[in-house]
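Take the headings in any order you like.

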There are 2 protein chains.
Amino acid sequence: MVSLRNVHRSLEQRRDRVDEALEDLVQNRMTKSDAPAMNLARDILLAGGKRIRPVLGLLTYEAVGGEDVDSVMDLAIASELIHTATLIHDDIYDQSKTRRGVPTLHSTHGISHGIIAGDYLFVLAFSLGGRCEERIVERMGEAAANIAAGELLQLKHIGDLGTTPEDYYAIIDGKTAGPFASACSCAAMHADAAQEIVDALEKFGWEVGRAFQLVDDLLDLTGDPSMGKPRGTDVHEGKMTLPIIHALTMLHSVEREQLADVLQNFSDDRWGELTELLESAGSFEYAKQLIQNHIDRAQENLEVLPDSDAKALIIEIAKRSRGRRT
Amino acid sequence: MVSLRNVHRSLEQRRDRVDEALEDLVQNRMTKSDAPAMNLARDILLAGGKRIRPVLGLLTYEAVGGEDVDSVMDLAIASELIHTATLIHDDIYDQSKTRRGVPTLHSTHGISHGIIAGDYLFVLAFSLGGRCEERIVERMGEAAANIAAGELLQLKHIGDLGTTPEDYYAIIDGKTAGPFASACSCAAMHADAAQEIVDALEKFGWEVGRAFQLVDDLLDLTGDPSMGKPRGTDVHEGKMTLPIIHALTMLHSVEREQLADVLQNFSDDRWGELTELLESAGSFEYAKQLIQNHIDRAQENLEVLPDSDAKALIIEIAKRSRGRRT
């Protein structure tokens, strides 16, 4: 069993392997006819990032007894390519200036280049993942198609103070939890795990993905310079995240009106006001409790797996999703 | 052997089959969790279009002896989905107002929705095509990746009067000829055709694809209301098509300067001037000759195939690419 003090190093190693595989992919494509497209996409692709989806894929494969980790790397990388493609495209319509600490692609090269670079990474992802067996490609395609549905739902609810928690979960399930679930269950399928194991890892992915997105949304309100984007991006864009949806439900009369006003006429000098209202409604605490619940349920789904280093590392990732710097 | 008077009806039948398969796909996705995305993409997807890539795929499959046409439909449809995805995205950065005779998606729903709808169709294409064997997915992915490279090259040469014929062919090979080649060779692979047959159909696809794009570019200069977009779109956008590249090479002194001025300061009242210059340079004739050469070479590559109705129809498509309405 991996000792706790080695956990950090072991996770770093997995991330390094993903980074190396991405670098190899970039090098390889730079010798092909699609080099101009990779030349454009490479900076954002190699600009870092947590690589959480591919790392979960690698660890899941190991944890269910997969013996040829190299064979699952294409699938793992595919999940990161899809993720990066959506980030590039999201940044266009969110008009974001920075991502992963570097200027967004469209802000340096124009919208056309941003669209094409994202398209290219989608295509590359399916070129890699498409080599897998049919049920894996199907699950991967389903997850990617649901990202589009989740994003449309999110756009529909921009600035909508009547957004429900169910709407919120439908959005984050499409955008984030589904791709996490797919990364885990596809890796398990690739290792030929039994169906009940595949199902358990699929559920694990949903829960840890929800926790992950909830933490992201919480950090947008509380601030975290390591995210590579400024605090309050969501609020400025009118994105309805769970703490805000919760506060809109819990607050009444004057406070409810004040919150609506803050959201509809937001500017950076109203941070104090917003934070106070969210605290008064208990919305930070509520979100933190939900995050803990998702992490607990994620862990429960891992109980079907035999103990292993990989399993311990997966649990650690789930736990850490809560503890990211605020 | 199919009689000539039945050719038209036979081609219509194939297109109808493609249209039906697309309608079935739309209906099917409208019952799934990605329905919001399909709801957005369906109008442009079902707005007609020549369906030339999928029809070529079906006919190729038949012509090489494939016996289960239904089995190749997913692959055929995938080529149309990728094509439509690129149209939606192209229209965003080309700022086009209409496509296939209907308003472009981004002009009615905004850029965000246009980007997401295109992404969704890319993903759906690979979900369908990704069920095929590895070499097919690889070829499909390669073609789609090269679309991105071709588009970037095109953007790079916008307004560039020094664009060479080689640049032009690199652009149209990526954007159009490669996807045609992939549609044909993938269908042949799916029918388990011998490698020399697959190679011949790949070459056929390149040649017919080049003819097709050259005709499109010629029609942009001469006008064709059936294309669903106004004449001169390319000229207004500064796209360097072959007749223009040719004229810039052939004309000298005053005429060359006049052409450069027309291109750099184009407006609709300069159509007469532009047409005269292109005629004086023999550029229309030159483009028509090249189109004929590509069609001839396309046909030569079909000689390896035994005679069949499907082969006769493929030849007809190649010939018709020249004769589209001017």
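## Starting at helix α15 of chain B

B:Asp309 counts as partly exposed, because it has 16 C-beta neighbours inside 10 Å. For this label, C-beta atoms are placed from the backbone, and a residue is buried if 20 or more other C-beta atoms lie within 10 Å of its own, exposed if 12 or fewer, and partly exposed in between. B:Asp309 belongs to helix α15 of chain B.

Helices here are DSSP runs of H or I with at least four residues, strands are runs of E with at least two, and both are numbered from the N terminus. B:Lys319 has 16 other C-beta atoms within 10 Å, so it too is partly exposed. Between B:Lys319 and B:Phe266 the sequence separation is 53 residues, while their C-alpha atoms are 33 Å apart in space.

## What kind of model this is

This is a predicted model: local features need pLDDT of at least 70, side-chain atom pairs count only at pLDDT 80 or more, and totals for chains, interfaces and linings use all residues. Residues are numbered from 1 along each chain as its sequence is written, and chains are lettered from A and ligands numbered from 1 in the order in which they are written.

The complex receives an ipTM of 0.90 and a pTM of 0.93 from the predictor. For chain A the average pLDDT (the predictor's confidence in each residue, from 0 to 100) is 93, and 96% of the residues score at least 70.

## How the two copies are related

## Where the chains meet

Chain B gives 34 residues to the contact, and chain A gives 34 residues; a contact means that the C-beta atoms of two residues, placed from the backbone, lie within 7 Å. On the side of chain B that touches chain A, at least two residues each come from α2 (35–45), α4 (69–93), α6 (111–129) and α7 (134–156). The largest share, 13 residues, is supplied by α7(B). Sorted by class, this side of chain B has 21 nonpolar, seven polar and six charged residues. The classes put Ala, Val, Leu, Ile, Met, Phe, Trp, Tyr, Cys and Pro under nonpolar, Asp, Glu, Lys and Arg under charged, and the others, Gly among them, under polar.

Because 100% of the interface residues of chain B are also interface residues in chain A, the copies meet through the same surface.

## A helix pair in chain A

In chain A, the axes of helix α8 (residues 165–190) and helix α9 (residues 195–222) come within 7 Å and cross at roughly 145°. Axes are lines fitted to C-alpha atoms, for helices over the stretch in contact, with angles from 0 to 180 degrees between N-to-C directions. The residues of the contact of α8(A) with α9(A) divide into 15 nonpolar, six polar and two charged. Among them are A:Phe180 and A:Met189 of α8(A), and A:Trp206 and A:Phe212 of α9(A).

## Loops worth a look

B:Arg100 is not a glycine, yet has a positive phi of about 50°. B:Arg100 sits in the loop between β1 (98–99) and β2 (102–103) of chain B, and is partly exposed, with 18 other C-beta atoms within 10 Å.

B:Asp192, also not a glycine, has a positive phi of about 55°. The loop between α8 (165–190) and α9 (195–222) of chain B contains B:Asp192. Is B:Asp192 buried or exposed? With 12 C-beta neighbours inside 10 Å, B:Asp192 counts as exposed.
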